[in-house]
Amino acid sequence: DGCGHTVLGPESGTLASINYPQTSPNSTVCEWEIRVKPGQRVQLKFGDFDIDGSDSCHSSYLRVHNGIGPTRTEIGKYCGFGFQMDGLITSKSNEVTVQFMSGTHTSGRGFLAAYSTTDKLDLITCLDNASHFSQPEFNKYCPAGCVIPFADISGTIPHGYRDSSSLCMAGVHAGVVSNTLGGQINVVISKGIPYYEGSLANNVTSEVGPLSTSLFTFKTSGCYGTLGMESGVIPDSHITASSILEWSDQTGQVNIWKPENARLKRAGPPWAAFISDEHQWLQIDLNKEKRITGIITTGSTLAEYYYYVSAYRILYSDDAQKWTVYREPGMDKDKVFQGNTELYQEVRNNFIPPIIARFFRINPLKWHQKIAMKVELLGCQFSIGRAPKITVPPPPQNKNDDKNDDFSDDFIHSVKTLLQTDKTTFTPEIKNTTVTPSVTKDVALAAVLVPVLVMVFTTLILILVCAWHWRNRKKKTEGTYDLPYWDRAGWWKGMKQFLPTKSAEHEETPVRYSSSEISHLRPREVPTMLQTESAEYAQPLVGGIVGTLHQRSTFKPEEGKEANYADLDPYNSPIQEVYHAYAEPLPITGPEYATPIIMDMSSHPSTPLGVPSISTFKAAGNQAPPLVGTYNKLLSRTDSTSSAQVLYDTPKGQPGPGAAAELVYQVPQSVAHSTGSNDEPS
């Protein structure tokens with residue numbers, strides 16, 4: 001009477017003391033006999049051990065024996081509160097006896113242990129959870145019997161399970177291991193989520209869970225896709241049933257709950273049997289053999305009709321004539337699957353190992369009010385590779401014809417047996433219900449060429465845009481003169497100012513004008529000569545003797561051919577009515593600054609002080625100043641090595657600084673002179 005939770009599988013199992021994890025009762029005893037296949041040995045691992053050891057294991061203890069029966073030998077005797085046993089207890093044969101004795105005590109939870117064959121090197125117990133392991137991914141072996149009432153889990157697939165959940169119990173819920181057989185799990189740890197959903201699957205209820213720092217999921221074969229009930233891939237004609245519920249409601253409308261209504265998540269009524277008994281069935285034709293790994297069921301999903309199936313069996317066939325009831329390996333009883341507990345909730349059950357069949361049948365065993373359900377099948381495609389064609393050589397011709405016939409029959413029988421075995425044991429590599437198309441070389445080539453072509457075209461477009469932009473900038477720069485900059489007059493002269501000069505003497509080389517050369521020109525030829533010369537700015541005519549000009553004077557000496565001037569005023573032509581404070585520039589082709597024209601007055605009478613000398617600046621009023629006197633000699637600027645003193649326009653009646661002769665200049669209009677007197681009009 002001291003035996004608690006116990007599941008003894010062919011290769012692994014779980015056993016616990018009575019009332020675990022609560023205090024075990026006094027004076028109880030239990031004995032477990034464990035057998036595995038001959039030639040294998042048993043290993044035992046404790047998940048929890050808490051037995052009163054106050055009397056030195058005299059009345060309360062756990063004893064492990066090699067063998068079963070009178071010939072068994074003791075491996076060890078254990079007791080103690082919170083006893084920690086590192087490692088495994090290993091037997092010497094394929095049989096082990098575990099004996100639990102509980103005497104008089106006031107505390108102690110008892111024990112929980114797991115066992116397996118010794119080839120399972122990574123055995124864990126049903127109490128281990130993800131927080132016990134630090135690796136981000138690991139493989140462990142779960143024993144059979146880990147669906148225990150005192151453990152809990154939170155979460156579901158595919159979102160994952162809370163890290164506090166039992167690994168093996170979550171593996172059963174996810175359908176990766178069987179509670180009856182146990183199995184290997186591949187666990188992946190990842191970041192937790194704020195909320196974990198609950199669901200019912202494989203007779204395990206997952207509760208809703210709060211936020212956790214981490215969660216875990218399972219790596220699987222991927223053969224869990226839907227097979228076409230919900231999507232409509234399976235046609236209505238391939239869904240049949242033993243009977244159909246047909247009835248009239250209060251309004252007289254006839255309601256027929258046909259088999260094709262049994263599609264999961266399809267709006268409307270479900271399939272329902274006309275008679276509710278254990279002989280009813282719903283059949284699905286998958287058109288060809290499929291690998292079926294699970295099933296999802298719901299009730300009627302109609303609030304006014306509270307119908308659902310709570311337990312059922314599964315049958316399968318290749319020809320719809322001979323049916324096989326699904327059983328777990330090593331079991332001699334049909335497996336009964338837990339169905340729904342209410343009409344809305346989706347309940348999943350997995351088949352371990354999967355079913356390979358074309359025809360699938362559900363046989364309800366328990367129901368609420370009436371048999372009514374909607375279903376979806378889970379699985380993937382299944383195909384068998386063709387066996388190589390075997391050619392049987394003709395038997396040798398000898399006297400032993402009977403022996404040769406027997407040999408041929410035996411050989412053909414062995415080949416048939418081999419092919420049949422391959423058909424039942426072949427494991428496909430298909431991961432889902434969609435067949436992945438093969439990738440050809442053309443697709444790979446296109447995947448390389450397309451990005452290259454895109455890059456080439458993009459580069460060409462950028463080059464064209466840059467060229468267009470440069471051309472626009474060039475046009476904008478030349479737009480003022482409508483001529484390229486290399487065709488403008490004075491281009492070379494403009495560039496010379498940026499080039500280093502040979503010497504200051506070369507820069508200030510005077511330009512001399514000979515009066516003898518000017519005398520033969522007519523008065524009207526002078527303006528023409530001025531315009532034909534490539535002067536950039538108007539050239540002021542300054543009368544009198546001028547001293548030295550500074551090297552950086554704004555007056556630029558003329559280069560090239562010497563200009564000749566007549567004694568007459570070159571500016572006696574009518575002047576426009578537009579007046580400026582400074583000399584007006586000549587045409588665009590001329591130089592930018594005026595070149596001073598210096599006349600030598602040494603051989604002529606001095607100009608009266610009251611008469612202004614010749615200047616390009618206009619006098620006040622509407623008339624230009626008259627030309628007074630004649631000049632027969634022009635003087636140039638002195639060398640830059642001469643006196644640095646520069647003579648500028650001086651107010652009338654006031655001598656210039658340091659001048660040998662008195663100079664008279666006309667001050668430009670509206671320009672204040674730095675040394676002017678109050679007598680000069682502004």
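Which residue lies over the face of Phe337, and at what distance from the ring centre? Lys335 takes this position, 5.2 Å from the ring centre of Phe337; a charge is taken to sit over a ring if NZ of Lys or CZ of Arg is within 6 Å of the ring centre and within 35 degrees of the ring normal. Arg361 lies over the face of Trp281, at 3.9 Å from the ring centre. The model is predicted, and local features need pLDDT of at least 70, side-chain atom pairs count only at pLDDT 80 or more, and totals for chains, interfaces and linings use all residues. Residues are numbered from 1 along each chain as its sequence is written, and side-chain values use heavy atoms, with hydrogens and water left out.

Rings of Phe, Tyr and Trp (its six-membered ring) were paired if their centres lie within 6.5 Å, with planes under 30 degrees apart counted as stacked, over 60 as edge-to-face and the rest as tilted. The count by this rule is 20 aromatic pairs. One of them, Tyr306 with Tyr308, is edge-to-face, with 5.9 Å centre to centre and 75° between the planes. Accessibility was classed as buried (under 20% relative accessible area), exposed (over 50%) or partly exposed (in between), using a 1.4 Å probe and protein chains only. Tyr306 is partly exposed at 34% relative accessibility, whereas Tyr308 is buried at 10%. Phe351 and Phe360 form a tilted pair, 6.0 Å centre to centre and 45° between the planes. Phe351 is buried at 2% relative accessibility, and Phe360 is buried at 0%. Ring pairs also join Trp32, Phe46, Phe49, Phe100 and Phe111 into a cluster.

A nonpolar core is a set of buried Ala, Val, Leu, Ile, Met, Phe, Trp, Tyr and Cys residues joined through side-chain atoms within 4.5 Å. The largest such core has 27 residues, of which Ile314, Phe351, Phe360 and Ile362 touch the most other members. At least two residues of this core come from each of β18 (239–241), β22 (282–298), β23 (308–317), β26 (347–368) and β27 (372–381); strands are DSSP runs (E, at least two residues), numbered from the N terminus. With residues up to four places away in sequence left out, the contacts of Phe360 (heavy atoms within 4.5 Å) include Ile314, Trp323, Phe351 and Leu377.

Pro329 is in the loop between β24 (324–325) and β25 (337–338) and is partly exposed, at 36% relative accessibility. Pro329 and Pro353 are 24 residues apart in sequence and 8.0 Å apart in space, C-alpha to C-alpha. Beyond its neighbours within four places in sequence, Pro329 contacts Leu181, Ile352 and Pro353.

Notes. Helix = DSSP H or I, 4+ residues; strand = E, 2+ residues; numbered from the N terminus.
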